[in-house]
Structure formats: C-alpha cells, structure tokens
Amino acid sequence: MTALAAAQPVIPDFGRGSSCVRDNGTFCWDWVRAHWGDTLRPALVQHVALTAVAVAIGFAIAFALALLAHRRGRLTTPVVLVTGLLYTIPSLALFQLLVPFTGLSRTTAEIALVSYTLLILFRNTLAGLAGVPEEVRDAARGMGLTPRQLLWRVELPLALPAIVAGMRIATVTVISLATVAVFVVNEGLGAPIFDGLQQTFKTELIAAGALCVALALAADALLVLVQRALTPWTRVARSR
Amino acid sequence: MNSSNTAQTEGPHAYPRAASLELRHVRKVYPGAARPAIEDLSLTVPAGEVCVLVGPSGCGKTTAMRLVNRMIELTSGEILLDGASVMERRPAELRREIGYVIQQIGLFPHQTIADNVATVPRLLGWDKQRVAARVRELLELVQLPPELAGRYPAQLSGGQRQRVGVARALAADPPLLLMDEPFGAIDPIARARLQDELLQLQARVRKTIVFVTHDIDEAIKLGDRIAILREGGVLAQYAPPDELLASPADAFVAQFVGRDRALKRLALSRVGELALLPADGTLHGATIEPDTSLRDALSLLISDGDRPLAVSNEDGGVAGLVTLDMIRAALHAEPAR
Amino acid sequence: MNDFADALRFIADNTALLWQLTLDHLALSGAAVGIALALAIPLGVTLGHLHRGSFAAINASNVGRALPSLALISIGVAVLGIGFVNVMVALVVLAFPIVLTNAYVAVDGVDPDAVEAARGMGMTGREVLWKVELPLALPLIFAGVRTAVVYVIATATLAAVAGAHSLGDVIVDQATYRLPGVLGAAICVAVLALLAELLFAALQRAVTPRALRLEERGAPLLGGPGTTNERTT
C-alpha cells in the first residue's frame, strides 16, 4: 500500500478506492457510482431546480410583456433593447455585477438566469402571436369573438409552436448557464465541474459535464414531446 | 322573362329566420384619405333575398359589407337590421347573429372541422347535444361526409374548406349572411358547383344574403337583386338581373355588364317557358330538353342553319318547336318584374 | 453603490492591466472566431447551395446549444490540457455550429423563385451562388457571425479556469483582486460584449438590403438558429 502512496491521486485513498481511481484513470465508473449520492445527484437536483425556477419566472415575465407588446406595438422595441442588453452581458460578468445587490446567494443566480431567458421568450411569443394568419383573425372577429376570446382561443393556441420553441432554447440556455452560477453560489452542476477543474483526477469533471449535457438534451426532448401533445394539428399530413 | 323566386313566406327555414337589411345614407371616410371610400349609399335588401354587391376594384363593395357587421365603423348614416340599428348592439354580440364568410375562409387551423363549425353556437351557450346535432345537420347541408368532422383544416381540399366556411357561418342559424368573394380563390369548375350548391342551399334555408363579387356573371347567376357600385361606393344601379341586363341605367353599367348582355339575358330563361310552335310536321333540327337555356338554344339554332329546334316533353315526344324569331321576340319582351 | 464606485476606481488604477487582459481577450476571441468562420462558412454555404445535409447542418446548432461551455472547456482541458491553443480549440468547437447552421439556412432558404429564374437565364451553378444566393443570404450569414462573435467573447471570459488569459482572470480571482476588482473587470467585459454586439449589429444592418430587414420583424426561432443569439455562457 505505502509503495503506491507516491502515485496517489488527489482523492485520499483510505483503502476503499478502486484501482481505476488509484491509477488516475481518465474516467472511472466506480467513482461515479460511489459518489452519485453525495455529489452528483444533489448537484443535478439543484441544477434542475435552478433551471426550473428561472425558466418559470422568465416565462411569466416575458409572456406578460409579449401580450402587452402584441396589443401596443410600440413597446416592442424598448423591450427588445433592454432584454437584448441583459442577454449580451457575459454570464460571469452579470453574476458578479449583481453580487453587491443580492449577495452571494441563489437569488443572484436566479436573477441573472431569468435575465437570459427574457429576450428569446419575449421574441418568440410575440412572433408566434404575430404569425397567426390574418384571415383567421378576421374570421374570428367576424364571427363574434371578443378580443379576449380571440387571444385565448385562437391566437395563443396557434402561437404555441413558436412559444414552445422559445422555451426549448431558453431552457437549454439556462441549463448551460447555470453551471457558471457556481461562482456565486455553491449549487448546481457547476460545483462538481469547478471542483473537477482543480484536480488532476478528471472523472468528476467529465461526469458532471456529461450530466449537464444529458440534462439539456433530455429537457429539449421533453419539451418537443410536450409541444407535439399540445398541438395535434401540426402533425397531420396534408391529404392533397 | 325571368322566372323569379321571391322570398317565400312559408317553408321550413322561411324568412322569419331572415332579416331585412337597410343601408341609409351610409358614408365611410378613412382618416387622411382624399376621397370617401363610400360617399352616400342607400339600399334595402328584403328578407330572404340575395343581394349581390358588384363593381370594379376599389368601388367599396367589401367596405360596404364590412360596415354591416361593424368590422369597419360608419362615419355617418345608419344600417338597420330588421329595423334595428346595428349600433345598438355591441359588435361581438351583433356578429354572432350574422354569418360571415370571407375569401380565404379563415378556418381555425388548430381545431377540428366540428369545432370550427361549432364556434358560434358554443359562444352562444348552446348545450353539447344541441351543438353536436347542429354540426351533423350542417355538414349534411353543405354536402360534406360526416367523417370529416374529426379532421383538421389542413387535411381538406380548398373546395371542402370553403363548404366548412359556409357551414360555420350558418351554424347559429343567423338571419343574415355576409359573403365576401367566397369562391374567388377556387378553380372555375369547383366554383360553378359551389355556386349551384349555394342556390340549392338558399332554396332550402332562405337567408338574407349580401354577396360581394367582382364577377358580373356570378352576380347574375346568384343574385335576386344586384347592386352595381362605382368608385366611392356610388350606386350605379340596383335591380334584379333581368332588368339590369335589359335596361342598364347608364354607360358605366352597360359596359360593366358587358356588350353581350343580350346573350346573358337569354341565359336566364328556358325554352320550356316559351309558347312553343306546334310540331306540325315541319322539318326540324336537333331535339332539346325544355330546361335548355335560350342562350344555348340560340347557339344551336345559329350553328344548325334555319331549321327550328324541337323541344321534348316528358313522354319522349315533341312538345313543340322553337325558332330564331321566337327567341328574338323573347328578348324584346318586357323583363318579368 | 459604493462597490461600483470602488470598481470604477479599480479600473482607473489598473488601466494597464485591464487593457492588456482586454487585448488577450480579443486575441483569443478573434482567433477562435476567425478559424470557426474559415471552416464553417464555406462548408455551410456549399451545403446550402447544394441543398444537402440539412439534418446535420440544422441539428449541429441544436446540439451545440446544449453543450454548456464551462463543461466543454473543462472536458477540453481534461483531454488537451491547459493553455491558449487548447482553449481556443474549445471556443472554435463552440462557435462552429452556430456559424455553420446560419450559413446553411441562409443559402438554403434563398427564395427558390429567384434561383429558378437565375438558372433559367443561363447562369451556371457557381454564378448563381455568387451573384444571387450569397448576396441574398448575406444578412443571415452575418447574423450567425454576430452571434458567434458575442458568444465567443462571452465564453472567453471563462478561459481563465483553463489557463488562457482574458478579462475573466480577474473575475474568477476574487482572492487577489477583491470585490472592486471583480466588479471592475465584470464591467469591462460587459462593455466589451455590448460594444461588439452593437458593432456587429450595425455591420449586419449595413449588409442587409432594405428590402430584407428580417431582424426588425423579430423572426421567430422555430427550433432553428434564426437571427437570435445563442448563449451557453
């Protein structure tokens, strides 16, 4: 045992590490299995929570703004400018810029993450509403739907594909950006990634990174399914 | 000369369910426009009749139609539906009592055909069974197979969609129907069929219909009364088709109905309506059915030479003869009504 | 607010350092973007012209978007080690899909009637590409370039964790520079990114014929790249 001590990886070996770990292999499944419960899964759960809250709040705000801009076109440009500005600021910078105000907390992370969702959700919702064919709107009004009924029964359902497309992009973006949140709060998959960066043993890094990618792909696929379920008419083939 | 079909007072879908429509000195000016879209338009459509608004592009025919259901608001004047001003109701409520069919149809792509048709009844709060029954009834009325009810608009052909549009407009049994060039985007063969079907439908349900088109032939075919409009919504003439063709009010109308208006008039009547010459052994040319139009008969007579045509009767024999002179005389007769 | 005042003072006091880091930042970004453009634009344009490979070209962007840059830089570091070249390679990998997809969609989506008419007039494939498709596709290609530039600048901020130099060096090193330093550098990065965005937005508008102003209409992203930025840092 002591002969091998000189070649030990950073993780101290109390005699329980596997040979892969001890030999500092690139990727060790047993490490993953061993640390799933205490490192990877909590990080994953936190990451999902961070994402879900950010997307939910972002959607609520963007949706309200889009409805307003749909009614009053003049709002569009200022909203796009502001949300665009927020979107352009590199995440690391934005997280740090918020720290004086909200400290090193989950709130800071969420505020920044929400900011990144606003532009895409606003633009897509608005574009989805604008994309409703004019004759459908004309026919609906002509039949006697009130403006509110027109919005909720006709325009929004038809805008769903664009809205969900925006949600997909926003969700994947947030999943990605939430890794950077580790610089303000020790939560999410960014934590094991960052820890992993400091070590020579790379499994933690690769595992967390791969989990992040998998999470993003899974969320995207899930939203695609949700969209298919909500918009059955987009799937029917033309019979002409 | 024209065998007219007035609004009937009896029948299963008679015009207690049809409203009269009156436009009184209607005027519409768009803000910033040099000239009014509609200067001063007055006309009355009796209940149960089809009034066709026809004219060149920009004459205001669509504007006039959209003023009725307040899709566009009046600048001045009045529009009375069954005697009551359309301004008395809130627009959304008013529109639920008026059927509205537009050229691009505007079916809701995200709803099934059944849901599309059921839109206004549901808005009015009908219960589920009544709605379902009405949807079935309407699909049958517009001659669509019932299995289409569960499909989406994208799965139907253009002609089928147009029928759904008509069914949707009729769903709540409105007393007035507005149709804005509904068959404009359809190919000529399907269009002719849809026009025939509309006439059959109208014979059954007898609604008051305001129909907008730029096609004078369509107007003549479908209209009980035709309103020819000039630019600015100026009414050039408002008359039944036969009168319009026989006596156009001015050069504009004459040019609009076409120089072949005499032939168009002939298309409105059938040989069976004439007092035929007895078939006394005179040599005759082809034999035609009594429901052949005078125009087609004329065409046959001209190409055939000078021999009269024989008109068949129910038993397969000859009911009488028709000559060129008879047709000419029919033209010069006073227009019926 | 004091913090921001301190941050501005930090910037004033450490101009030389920050300027040097800015140059490093731009060098890293510029190199990565340059290589990505050199590789992706010809490929995307060619595929779009031939209307081939749509599945790969369009989904490249989807996959690229899902790759968290921090994770990718990290994996890159794990495999390739630290340093300028390695981080630059990671940045190229991240920028490549965006440019590729935009270039593909731009050329593939040129009005087919215009292309048809051009062919009918007797233009060869190459002439159609250079005289008709590229001019019409230019705005959208440019949108991709703009997106990639801002994206790389943003991601380069993280390069600090991988041994390359950029303004991120200060931001991640709170121990040395303390809050005013971190904030100061953050402000610099934000300004840098915004300037880049504005510059390229203006350039994009300059190359867009008036008739083709899609940006103003807020073209929706229906699962594709569209004209909106894609951010994973």
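Two strands count as paired if DSSP finds at least two bridges between them, and helices (H or I, at least four residues) and strands (E, at least two) are DSSP runs numbered from the N terminus. With that in hand, look at chain B, where B:Arg24 stands opposite B:Glu78 in β4(B). What you have here is a predicted model, where local features need pLDDT of at least 70, side-chain atom pairs count only at pLDDT 80 or more, and totals for chains, interfaces and linings use all residues. Residues are numbered from 1 along each chain as its sequence is written, while chains are lettered from A and ligands numbered from 1 in the order in which they are written.

**The sheet in chain B**

- Strand β1 (residues 21-28) and strand β4 (residues 76-81) of chain B pair in the antiparallel sense over 5 bridges.
- They belong to an open sheet of 4 strands in chain B, in the order β2-β1-β4-β5, with antiparallel pairing.
- β2 (38-45) and β5 (84-85) of chain B stand at the edges with a single partner strand each, so one side of each has no neighbour in the sheet.
- Helix α1 (residues 61-68) of chain B packs on this sheet and touches β1, β2 and β4 of chain B; its direction makes about 115° with that of β1(B). Angles here run from 0 to 180 degrees between N-to-C directions, and axes are lines fitted to C-alpha atoms, for helices over the stretch in contact.

**Two helices in chain C**

- Helix α2 (residues 15-50) and helix α7 (residues 125-156) of chain C pack at an angle of about 150°, their axes 9 Å apart.
- Their contact (C-beta atoms, placed from the backbone, within 7 Å) involves residues including C:Ala32 and C:Ala36 of α2(C), and C:Ala148 and C:Val152 of α7(C).
- By class, this contact has 14 nonpolar, 3 polar and 1 charged residues. Ala, Val, Leu, Ile, Met, Phe, Trp, Tyr, Cys and Pro count as nonpolar, Asp, Glu, Lys and Arg as charged, and the others, Gly among them, as polar.

**Cores and a buried glycine**

- A nonpolar core is a set of buried Ala, Val, Leu, Ile, Met, Phe, Trp, Tyr and Cys residues joined through C-beta atoms within 7 Å. Buried means that 20 or more other C-beta atoms lie within 10 Å of a residue's own; exposed means 12 or fewer, and partly exposed is in between.
- In the largest core, of 224 residues, C:Ala95 and C:Val99 touch the most other members.
- Helix α5 (residues 84-108) of chain C gives the most to this core, with 16 residues.
- Not counting residues up to four places away in sequence, C:Ala95 touches C:Ala32, C:Val33, C:Ala36, C:Ala148, C:Tyr151 and C:Val152.
- C:Gly44 sits in helix α2 of chain C and counts as buried, with 28 C-beta neighbours inside 10 Å.
- Leaving aside neighbours within four places in sequence, C:Gly44 is in contact with C:Val99, among others.
- C:Gly44 and C:Val107 are 63 residues apart in sequence, yet 8.0 Å apart in space, C-alpha to C-alpha.

**Where the chains meet**

- Between chains A and B, the contact takes 19 residues from chain A and 21 residues from chain B.
- Here α7(A) gives the most to chain A's side, with 7 residues.

Definitions and conventions: Two residues are in contact if their C-beta atoms, placed from the backbone, lie within 7 Å.
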